[in-house]
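This briefing sets out selected geometric features of one protein chain for computational work. The points are grouped by topic and follow the display below.

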Amino acid sequence: MENSSLIFEIALGLSSPWFVKTISFDHADLGRELHIHLDFEKGFKFKQDDGSENTAYDTVERKWQHLNFFEHKCYIHARVPRVKGESGKVQVQQVPWARAGSGFTLLFEAFAMLLIESEMPVSKAAKLVKVYPQRIWNIFHFWISKMHSEDEIENLTCLGFDETSSKRGHKYVTLAVDMDQRRVLFATEGKGADTIEKTVEYLHSKQTDIAEIKNVCIDMSPAFISGCEKQLPNADITFDKFHVVKEINKALDQVRKDQRRSSFELKGHKYTFLKNNLTFAKELERDELLDQFKDIGLAYKLREMFNHFWSIKEPEKAMSYLAFWCDYAENSNLEPFLKTVKMINNHWSGITNYTKSNINNGILEGINSKVQLAKKRARGYRNIKNFINMIYFIAGKLKCSYPQYST
């Protein structure tokens with residue numbers, strides 16, 4: 001037994017005053033379990049917060065789940081000393097193999113975090129280590145909350161806001177992104193103006209100077225617009241390119257839909273006009289349809305002309321070109337594009353600010369893609385807290401403070 005105890009002491013990284021007292025294999029409902037009982041040296045003096053060193057006043061029994069020993073569950077037991085300091089205050093000693101309040105060893109938690117880091121869904125990780133998923137979530141929440149609370153925000157001048165759903169058609173979460181560092185700083189439930197207010201409150205808690213935020217990138221949501229105008233008055237709004245282009249494509253597709261009602265040939269050709277990368281055969285088919293249907297041809301031309309706007313670097317030239325495009329679109333008399341012109345005029349400064357800020361909304365798209373991939377692996381998130389902490393984990397670029405598992 002002495003040799004086996006020594007092996008387990010080395011494996012657990014134990015040092016004075018801790019040692020392995022007994023080891024036993026017990027029968028359980030689902031097989032056998034390994035139980036390792038630890039103890040501390042009699043008369044050992046533990047150092048207290050007040051600097052004094054004293055022996056144990058009494059002890060409390062504790063139990064922690066450890067990594068499986070082969071296929072068997074493994075538990076560590078110990079009587080944890082309580083020590084009375086010079087002030088008379090009784091203090092429970094921190095054990096070196098587990099954090100306070102956890103029912104798992106640090107090595108178990110490190111392995112659980114490694115599984116999640118390796119993109120394994122929490123439900124599968126829980127199945128692998130043979131515990132309920134919520135217990136793995138509890139480990140995950142502790143370390144991510146700790147990392148997020150310790151996160152430092154520096155030189156924040158450009159902020160982006162984007163929304164994503166926790167599950168298809170379910171609750172939304174708004175992400176606040178540092179566009180320069182390309183990371184999520186804060187996430188909160190909802191997609192209204194109050195999400196901007198909550199973000200600003202969080203930034204204040206981090207001693208961030210809001211006045212230094214000069215640019216903000218958002219979609220054309222009225223809630224986002226009003227929230228940014230109120231909470232970030234020093235920031236110029238830039239509407240992200242993706243949502244503006246989406247409105248132009250929407251107008252083009254509406255022209256196609258209007259024509260399709262009387263022209264069977266247009267059935268199934270939605271992406272023939274919207275996609276950029278077509279096969280040679282598809283390009284020929286598209287060009288033939290554009291010649292045949294003059295309104296769609298004009299709508300397609302307007303879409304292509306608008307795309308040129310994004311490549312103009314000089315703000316004055318860009319505004320002149322956009323004004324020219326709006327006149328051209330109005331003269332087309334295509335109803336969907338008349339609505340688009342109205343939308344552009346209502347959001348003029350936010351669209352034209354793109355040429356000044358050069359904010360690349362691909363950053364927001366890239367982060368959202370990561371979030372969507374995590375959501376797909378987990379088949380959606382019913383619990384918003386789980387979803388938000390997973391966003392911080394995969395897109396927050398937080399400094400790792402959880403125990404590491406060596407493979």
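**Strand pairing and packing in a predicted model**

Strands E6 and E7 (residues 90–92) pair in the antiparallel sense, with 3 bridges between them. The model is predicted.

**Pairings of E6**

- The hairpin formed by E6 and E7 has 5 residues between the strands, and glycine 88 in its turn has a positive phi of about 95 degrees.
- Strand E5 (residues 56–69) is also joined to E6, through 11 bridges, and the two run antiparallel.
- In that pairing, histidine 66 has cysteine 74 in E6 as its bridge partner.
- E5 and E6 likewise form a hairpin, with 2 residues between them; phenylalanine 70 in the turn has a positive phi of about 55 degrees.
- Strand E2 (residues 31–40) pairs with E6 (residues 72–84) in the parallel sense, over 6 bridges.
- Histidine 37 has histidine 77 in E6 as its bridge partner.
- In general, strands of a sheet pair through backbone hydrogen bonds, in either the parallel or the antiparallel sense.

**The open sheet and the helices on it**

- An open sheet is formed by 5 strands in the order E10-E9-E8-E11-E12, with mixed pairing.
- Strand E10 (183–189) and strand E12 (236–239) are the edge strands; each has a single partner strand, so one side of each lacks a neighbour in the sheet.
- On average, and ignoring direction, neighbouring strands of this sheet are turned by 25 degrees against each other.
- Strand E9 (residues 172–178) and E10 run antiparallel and are joined by 6 bridges.
- Alanine 176 stands opposite phenylalanine 186 in E10.
- Helix H5 (residues 193–205) packs on the sheet and touches strand E8 (158–165), E9 and E10; the direction of H5 makes about 125 degrees with that of E10.
- H16 also lies across E8, E9 and E10, and runs at about 175 degrees to E10.

**Packing of H2 against H4**

- The axes of H2 and H4 are 10 Å apart, and the two helices pack at an angle of about 90 degrees.
- Angles of 65 to 115 degrees count as roughly perpendicular, and H2 and H4 are therefore roughly perpendicular to each other.
- From H2, the contact involves Leu106, Phe108, Glu109, Ala112, Met113 and Ile116; these meet Ile136, Ile139, Phe140, Trp143 and Ile144 in H4.
- The residues of this contact comprise 10 nonpolar, no polar and 1 charged.

**The largest pocket**

- The largest pocket holds about 650 Å³ of space.
- It is lined by 25 residues, of which Pro121, Ala374, Arg377, Ala378 and Tyr381 are the closest to its centre.
- Two or more lining residues come from each of helix H2 (106–117), helix H3 (122–129), helix H4 (133–150), helix H15 (362–378) and helix H16 (384–395).
- H15 contributes the most to this lining, with 5 residues.
- By class, the lining of the largest pocket consists of 13 nonpolar, 4 polar and 8 charged residues.

**Glutamate 9**

- Glutamate 9 is located in helix H1 (residues 2–12).
- With residues up to four places away in sequence not counted, glutamate 9 touches Leu14, Phe19 and Val20.
- The C-alpha atoms of glutamate 9 and lysine 214 are separated by 57 Å, and the two residues are 205 residues apart along the chain.

Definitions and conventions: Residues are numbered from 1 along each chain as its sequence is written. This is a predicted model: local features need pLDDT of at least 70, side-chain atom pairs count only at pLDDT 80 or more; totals for chains, interfaces and linings use all residues. Side-chain values use heavy atoms; hydrogens and water are left out. On a 1 Å grid over the protein atoms alone, a cavity is a set of points where a 1.4 Å probe fits but cannot get out, and a pocket is an open set with protein on both sides within 12 Å along at least five of seven lines; lining residues have an atom within 4 Å of a point. Grid points are joined across faces, edges and corners, and a volume is the space filled by probe spheres set on the points. Helices (H or I, at least four residues) and strands (E, at least two) are DSSP runs, numbered from the N terminus. Ala, Val, Leu, Ile, Met, Phe, Trp, Tyr, Cys and Pro count as nonpolar, Asp, Glu, Lys and Arg as charged, and the others, Gly among them, as polar. Axes are lines fitted to C-alpha atoms, for helices over the stretch in contact, and angles run from 0 to 180 degrees between N-to-C directions. Angles under 35 degrees count as roughly parallel, over 145 as roughly antiparallel, 65 to 115 as roughly perpendicular and the rest as oblique. Contact means heavy atoms within 4.5 Å. Two strands pair if DSSP finds at least two bridges between them.
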